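Hello,

Here is the structure I promised to pass on to you. Please have a look at it first, and then read my notes below.

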Amino acid sequence: MTSTNDTQNGVTTVYKVSGMSCGHCEGAVGSEISELAGVSSVKAVASSGEVTVVSAAPLDEAAVRAAVDEAGFELVGTL
């Protein structure tokens, strides 16, 4: 359940995260993922549970899972 696209700006991956319900949740998830090496942008949308990440190279899913766990949510997979 992940979608990864290589572009000139890096790699865009859409992850599915369960448990987000508000802007605070979006911020918590975005903040944790943005600390991963190579991440240039993160956009979390609570209503869909989608988190779009742009990074210099594909991210290790275990690292993304750990970041989402640290924020208090669950990584379901990628779209």
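**What I found**

Buried residues make up 38% of the 79 residues in the chain; buried means under 20% relative accessible area, exposed over 50%, and partly exposed in between, with a 1.4 Å probe and protein chains only. Please keep in mind that this is a predicted model, where local features need pLDDT of at least 70, side-chain atom pairs count only at pLDDT 80 or more, and totals for chains, interfaces and linings use all residues. Residues are numbered from 1 along each chain as its sequence is written, and side-chain values use heavy atoms, with hydrogens and water left out.

Let's start with the overall layout. The chain has 2 helices and 5 strands (DSSP runs numbered from the N terminus: helices are H or I with at least four residues, strands are E with at least two). Along the sequence they follow the pattern β-β-α-β-β-α-β.

Next, the inside. The largest nonpolar core has 19 residues, and Met20, Val29, Ile33, Val51, Val64, Val68 and Phe73 touch the most other members. Such a core is a set of buried Ala, Val, Leu, Ile, Met, Phe, Trp, Tyr and Cys residues joined through side-chain atoms within 4.5 Å. Two or more residues each come from strand 2 (10-18), helix 1 (23-34), strand 3 (39-45), strand 4 (50-55) and helix 2 (61-71). Which element gives the most to this core? That is helix 2, with 4 residues.

Val51 is worth a click. Leaving aside neighbours within four places in sequence, Val51 is in contact (heavy atoms within 4.5 Å) with residues including Thr13, Tyr15, Met20, Val29, Ile33 and Ala44. Tyr15 lies in strand 2 and counts as buried because its relative accessibility is 3%. Tyr15 and Ala44 are 29 residues apart in sequence and 9.2 Å apart in space, C-alpha to C-alpha.

Finally, the two helices. The axes of helix 1 and helix 2 come within 8 Å and cross at roughly 140 degrees; axes are lines fitted to C-alpha atoms, for helices over the stretch in contact, and angles run from 0 to 180 degrees between N-to-C directions. The angle therefore makes helix 1 oblique to helix 2 (under 35 degrees is roughly parallel, over 145 roughly antiparallel, 65 to 115 roughly perpendicular, and the rest oblique). Where they meet, Ala28, Val29, Glu32 and Ile33 in helix 1 face Val64, Ala67, Val68, Glu70 and Ala71 in helix 2.

Happy exploring!
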